[in-house]
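Colleague: I'm new to this one. Can you walk me through it?

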Amino acid sequence: MARYHIETYGCTSNRGESREIERRLRDAGHYRVDGPEAADVAILNTCTVVEKTEDNMRRRAAELADETADLFVTGCMALAQGEEFAGLDAEVLHWDEVPEAVTNGECPTTTPDATPILDGVVGILPIARGCMSDCSYCITKHATGKIDSPPIEENLEKARALVEAGAREIRVTGQDTGVYGWDTGERSLHTLLERICAIEGDFRVRVGMANPKGVHGIREELAEVFASEEKLYDFLHAPVQSGSNDVLGDMRRQHQVREFREIVETFDAALEYWTLSTDFIVGFPTETDRDHERSMDLIRETQPEKLNVTRFSKRPGTDAAEMKGLGGQLKKDRSSAMTDLKMEIVGDAYEAMVGEVRENALVVEEGTGDSVKCRDSAYRQLIVRNASEYGLEPGAFVDLEVTSHNTVYAFATPV
Ligand code: SF4
């Protein structure tokens, strides 16, 4: 988990986006510190309203790049004039990509002992703490240890309480949900999901990050549950991290590329419309040009509709931090090549949705201005503008026609 420092400039829209970044970072177990000196990561949410502000942004970015190990620059100036930050050791990102970049390929930290959180109509249900891995770049593991899975009944009770409290979307979270039950001798994520879906009520369930090793062992059972349970979003987040078995070995990930491919094949065979979400770490110390090409090929082959690209950065106290790192420019080049490919693939996936009707999409939360964010059956994000005209509020289910898209979102209107 990382300590972060965040600075936000400009309008209420920027402030709203920073709030969302912070909310996601909090859910992933990261925490805010005051001042860049105490932080592992700094986030600069920029504004570009007048020249004086731009000068200020350039100066501040240069200072933060000097003061912290990692700097992520987002907001209006970053997106409109990203080249202004090219000379700095900083990564320019859309605000939506910042939480994953901070997470740096590690799994979220969860606290299953805590009371489940209801945030609007979204209920967060941590089902277990810990994982079964020992990834060489991960610092989270030191804090959380081996998987500790509470019994299914205990999690069910919490899920029921969330539904009764008004949750319309239950997010099943954990550092690695795919290994739920391994410590008790039963690989039981699919059973837990089936039983949560059997709870009476009108709600959706989203499964959080599940590493490929755990998913692979139960892929058939999981795909069957996804195919048969309407309440379950057809969305799988399985972070593969590299398309090279050599790099996966050095990362001490437990899976091989073949296992990831087999998961995708199994889900493709069982589900007509679903979302594959995965993560890649670019520029791991031992990654060669050929390894990078293998990752690019794996993306082309599996076509993930959601892809998080993280440039490798050292976390103190990890084994990977002791390895001789690659040059900053090389990491930047590989990261932009992968981001370009991501934009192409994800953009195509959203383009293919235009003109289609998505039934029973859930209005999950309010967006910026008079808009709402909705999720369809595959957890794709659909934005409805002028929401008050349609009387749409979080918690409602609505049929939507997709009208256009914006790479990682689609825009839609009620039908
Ligand atoms: S699976 Fe790997 S990255 Fe995730 S918490 Fe465990 S050791 Fe860390």
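Modeller: Here is a short tour, starting with the ligand. Keep in mind that this is a predicted model.

Colleague: OK, which residues surround the ligand?

Modeller: Glu106, Cys107, Cys131, Ser133, Asp134, Cys135, Cys138, Lys141, Gln175, Asn211 and Arg253.

Colleague: How does that shell split by class?

Modeller: Four residues are nonpolar, three are polar and four are charged.

Colleague: And what kind of space does the ligand take?

Modeller: A cavity. The space taken by the ligand is the largest cavity.

Colleague: Let's switch to helices. Where does α11 run, and how many residues does it have?

Modeller: Helix α11 covers residues 257-270, which is 14 residues. At 1.5 Å a residue, the helix should span 20 Å. Its end C-alpha atoms are 20 Å apart, so the two values agree.

Colleague: Which residues of α11 are buried?

Modeller: Val257, Glu259, Phe260, Ile263, Val264, Thr266 and Phe267.

Colleague: What covers them?

Modeller: The cover for the buried residues of α11 includes the helices α8 (212-217), α9 (219-228), α10 (245-251) and α12 (289-302). Strands β10 (235-237) and β11 (275-282) are also part of that cover.

Colleague: You mentioned α10. Where is Val247?

Modeller: Val247 sits in helix α10.

Colleague: Buried or exposed?

Modeller: Buried. Val247 has a relative accessibility of 1%, and the cut-off for buried is under 20%, so Val247 counts as buried.

Colleague: What does Val247 touch, leaving aside its neighbours within four places in sequence?

Modeller: Val247 is in contact with Ser242, Phe284, Thr286, Glu287 and Asp291.

Colleague: How far is Val247 from Glu359?

Modeller: In space, 42 Å from C-alpha to C-alpha. In sequence, Val247 and Glu359 are 112 residues apart.

Colleague: Now α13. What is its span?

Modeller: Helix α13, residues 328-351, has 24 residues. From first C-alpha to last, α13 reaches 34 Å, close to the 34 Å expected at 1.5 Å a residue.

Colleague: And which α13 residues are buried?

Modeller: The buried ones include Met338, Leu341, Ile345, Val346 and Tyr350. Lys331, Lys332, Arg334 and Lys342 are also among the buried residues of α13.

Colleague: Let's do backbone angles. What is phi for Tyr379?

Modeller: Near 65°. That is a positive value in a residue other than glycine.

Colleague: Why point that out?

Modeller: Because most residues other than glycine have a negative phi.

Colleague: Where is Tyr379 found?

Modeller: In the loop between β14 (371-375) and β15 (381-385). Tyr379 has 7% relative accessibility, so Tyr379 counts as buried.

Colleague: What about Asn386?

Modeller: Asn386 has a positive phi too, about 55°, although it is not a glycine. Asn386 lies in the loop between β15 and α14 (387-390). With a relative accessible area of 41%, Asn386 is partly exposed.

Colleague: Next, Glu164. Where is that?

Modeller: In helix α6, residues 152-164. Glu164 counts as exposed, at 70% relative accessibility. Glu164 and Gly201 are 37 residues apart in sequence, and their C-alpha atoms are 8.5 Å apart.

Colleague: Last one, His94. Where is it found?

Modeller: In the loop between β5 (91-92) and α4 (98-103). His94 counts as partly exposed, at 24% relative accessibility.

Colleague: What does His94 touch, not counting residues up to four places away in sequence?

Modeller: Thr74, Leu79 and Tyr409. Ala78 is 16 residues from His94 in sequence and 8.2 Å away in space, C-alpha to C-alpha.

Terms used
Residues are numbered from 1 along each chain as its sequence is written. This is a predicted model: local features need pLDDT of at least 70, side-chain atom pairs count only at pLDDT 80 or more; totals for chains, interfaces and linings use all residues. Side-chain values use heavy atoms; hydrogens and water are left out. A residue is near a molecule or strand if one of its heavy atoms lies within 4 Å of it. On a 1 Å grid over the protein atoms alone, a cavity is a set of points where a 1.4 Å probe fits but cannot get out, and a pocket is an open set with protein on both sides within 12 Å along at least five of seven lines; lining residues have an atom within 4 Å of a point. A molecule sits in a cavity or pocket if more than half of its atoms lie within 2 Å of its grid points. Ala, Val, Leu, Ile, Met, Phe, Trp, Tyr, Cys and Pro count as nonpolar, Asp, Glu, Lys and Arg as charged, and the others, Gly among them, as polar. Helices (H or I, at least four residues) and strands (E, at least two) are DSSP runs, numbered from the N terminus. The expected span of a helix is 1.5 Å times one less than its number of residues. Buried means under 20% relative accessible area, exposed over 50%, partly exposed in between (1.4 Å probe, protein chains only). Contact means heavy atoms within 4.5 Å.
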